[in-house]
Amino acid sequence: MGKFTVLNHPLIQHKLTIMRDKNTGTKDFREIASEIAELMVYEITRDLPLKSVEIETPMGKTVQKELAGKKLAVVPILRAGLGMVDGVLRLVPAAKVGHIGMYRDEETLEPHEYFLKLPPDIEQRDVFVVDPMLATGGSAKMAIEALKKHGAKNMRLVVLVAAPEGVKAIEEAFPDVDVYAAALDDHLNDDGYIVPGLGDAGDRLFGTK
């Protein structure tokens, strides 16, 4: 079964509180989304494999550790997922970036895919699927299905705020995908928004309210 983990580091919690505040403007919202993504990936990558390598310091030769060539990719669910990409790349600059575009039908709340562009070697990479919100789980499910169709095998879903309904949907549909969140919130309202949540992450990131 895929595991669900809340990364409740004090810095993550503090920054998420600022994002939730309705008085936080676009600039700060965008910067903090990126910072939280960076902190989350720092925690999630603890299990990356290392290998020994011989180098020379000013004091002489020594054997030390470096990453063992594990290939990573980050795939934001457009458009709000874009707000988390820079934070991931600051830590893992060699990661390739794919994009998957989704929009939600306001009547049915069902997601629809409109864009997909992935690294050609996606099947060889550990993939971080990023999106600020895991609400009903519909968009994340469709994104993971599309990635699997294109050969992606090792995926982790990284979100800022999750609703119990979304976590359950991913766990049931994809027992092989681990889910990481900065917070597990209370519930979804009748419009499919997370409560207390942080509002519409896309609108707040890009100032399109």
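## Pockets

On a 1 Å grid over the protein atoms alone, a pocket is an open set of points where a 1.4 Å probe fits, with protein on both sides within 12 Å along at least five of seven lines. Lining residues have an atom within 4 Å of a point. Grid points are joined across faces, edges and corners, and a volume is the space filled by probe spheres set on the points. This is a predicted model: local features need pLDDT of at least 70, side-chain atom pairs count only at pLDDT 80 or more, and totals for chains, interfaces and linings use all residues. Residues are numbered from 1 along each chain as its sequence is written, and side-chain values use heavy atoms, without hydrogens or water.

The largest pocket has a volume of about 630 Å³. It is lined by 27 residues, and Ala80, Arg104, Asp131, Ser139 and Asp200 are the closest to its centre. Strands E4 (72-78), E6 (99-104), E7 (111-117) and E9 (133-134) each give two or more residues to the lining, as do helices H4 (138-149) and H6. Helices (H or I, at least four residues) and strands (E, at least two) are DSSP runs, numbered from the N terminus. The lining divides into 15 nonpolar, seven polar and five charged residues. Here Ala, Val, Leu, Ile, Met, Phe, Trp, Tyr, Cys and Pro count as nonpolar, Asp, Glu, Lys and Arg as charged, and the others, Gly among them, as polar.

The second largest pocket holds about 250 Å³ of space. Of its 16 lining residues, Leu48, Leu67, Leu72, Leu91 and Val92 are the closest to its centre. This lining has ten nonpolar, two polar and four charged residues.

## Annotated binding sites

An unreviewed UniProt entry marks Ile194, Gly199, Asp200 and Ala201 as "binding site". The lining of the largest pocket takes in Ile194, Gly199, Asp200 and Ala201. UniProt positions are in the numbering used here, feature names are shortened, and annotations may be inferred rather than shown by experiment.

A "binding site" annotation in the unreviewed UniProt entry also covers Arg79, Arg104, Asp131, Pro132, Met133, Leu134, Ala135, Thr136, Gly137, Gly138, Ser139 and Asp200. From this set, the lining of the largest pocket includes Arg79, Arg104, Asp131 and Met133.

## Residues at the sites

Gly199 sits in the loop between strand E13 (194-195) and helix H6 (201-206). Gly199 is partly exposed, at 35% relative accessible area. Buried means under 20%, exposed over 50%, and partly exposed in between (1.4 Å probe, protein chains only). Beyond four places in sequence, Gly199 contacts Met133 and Tyr193; contact means heavy atoms within 4.5 Å.

Asp200 lies in the loop between E13 and H6. Asp200 is partly exposed, at 23%. Its side chain makes a polar contact with the side chain of Tyr193 (3.4 Å). A polar contact is a pair of N or O atoms within 3.5 Å; within protein, one must be able to donate a hydrogen and the other to accept it, and residues adjacent in sequence count only if both atoms are side-chain atoms.

Arg104 belongs to strand E6 and is partly exposed at 23%. Ala135 is in the loop between E9 and H4. Ala135 is buried, with a relative accessible area of 14%.

## Buried packing

Arg156 lies in strand E10 (residues 154-162). Arg156 is buried at 14%. The Arg156 side chain reaches the backbone oxygen of Ile44 at 3.2 Å.

In helix H3 (residues 82-91), Gly83, Met84, Val85, Gly87 and Val88 are buried. The buried residues of H3 pack against elements including helix H2 (26-44), E4 and E10.
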